[in-house]
Amino acid sequence: SFTKGDPNTGDKPYPNFFRTISPDDAQAELQVSFALDTLGLKKIAILHDRQDYGRGLAEFARAAVQKDGRAQVVLFEGITVGAVDYSAIINRVNESGADGVIYGGYHPEASKLVTQMKNKGMNIAFISDDGVKDQTFIDVAGSYAEGVYASGPIDTSTNPLAIQAAEAHRQKYGEEPGAFFLNAYAATQALLNAIDKADSTEYEAIMKALRSEYVETSLGNISFDEKGDAIGIGFSVYQVQNGEYVQVQ
């Protein structure tokens, strides 16, 4: 299984669990360190979409803020996915005195939150995740997206395999690939490489090869640790500048 989701933690991790994206606790810790060290935030409102990914990331972020001790979580609350009007929660953010928001979730709700916050004159920092680091967020939010931060996989724009994969997608489907296209592509490359190196399609042989062999992929040179997390992959922080995400950390 090459998936995104909660970290594969515990004493008995699933032996066949692999993913080509860093775990969400690492993403949340990066968001919090950026909020505190780079932006100097002191009062943080943490919102999430009540789903496994968004809430899980938000809980990791809350734990990271509390562990650091330099800032306060002044609001921790879920929103309703698909709602049109988020004025109630935005008012609570405003009343909390937050100087920044960390949001766990996806771009449809993030675009509404950002738009409605700015329409109310709230220009505090908005930091989100790789579910928001997507061109669709910018397309929907338009000028309101400017200045928004989002964590996401390290930039692969100069990786020849990533360039080749994206071009092949455009040629076949006539559109830009989605947010997790390169992760899926790298997962496939890793699996095919493991089969080739093992010279087998047997379960144990493939598992061993995935954990012992490195392979050049659209995300770089990667392998997998004992928990199935990718070695050689990490997150960066991006900001929307002039209508596109630019890596800032």
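## Basis of the description

A residue is termed buried when its relative accessible area is under 20%, exposed when over 50%, and partly exposed in between (1.4 Å probe, protein chains only). The structure is a predicted model, in which local features need pLDDT of at least 70 and side-chain atom pairs count only at pLDDT 80 or more, while totals for chains, interfaces and linings use all residues. Residues are numbered from 1 along each chain as its sequence is written, and side-chain values use heavy atoms, with hydrogens and water left out.

## Aromatic pairs

Phe18 is buried, with 1% relative accessibility, and Phe224 is buried at a relative accessible area of 3%. Rings of Phe, Tyr and Trp (its six-membered ring) are paired if their centres lie within 6.5 Å; planes under 30 degrees apart are stacked, those over 60 edge-to-face, and the rest tilted. This rule gives five aromatic pairs. One of them is edge-to-face: the ring centres of Phe18 and Phe224 are 5.3 Å apart, with the planes at 85°. The pair joins distant parts of the chain, as Phe18 belongs to the segment before helix H1 (24-38) and Phe224 to strand E7, 206 residues apart. Helices (H or I, at least four residues) and strands (E, at least two) are DSSP runs, numbered from the N terminus.

Tyr103 and Phe126 form a tilted pair, 6.2 Å centre to centre with 35° between the planes. Tyr103 is in strand E3 (residues 100-104) and Phe126 in strand E4 (residues 125-128), so this pair ties together parts 23 residues apart in sequence. Both residues, Tyr103 and Phe126, are buried.

Asp229 lies in the loop between E7 and strand E8 (230-231) and is buried, its relative accessible area being 11%. Its side chain makes a polar contact (N or O atoms within 3.5 Å, one able to donate a hydrogen and the other to accept it; residues adjacent in sequence count only if both atoms are side-chain atoms) with the side chain of Arg19, at 2.6 Å. Apart from neighbours within four places in sequence, Asp229 is in contact (heavy atoms within 4.5 Å) with Arg19, Pro23, Ser223 and Phe224.

## Helix H8

In helix H8 (residues 203-212), Ile206, Met207, Ala209 and Leu210 are the buried residues. They lie on the same side of H8 because they cover an arc of only 165° around the axis, taken from the directions from the helix axis to the C-beta atoms. These buried residues pack against helix H7 (181-198) and strand E7 (220-224). The face turned away from the buried side of H8 carries the exposed residues Glu204 and Lys208.
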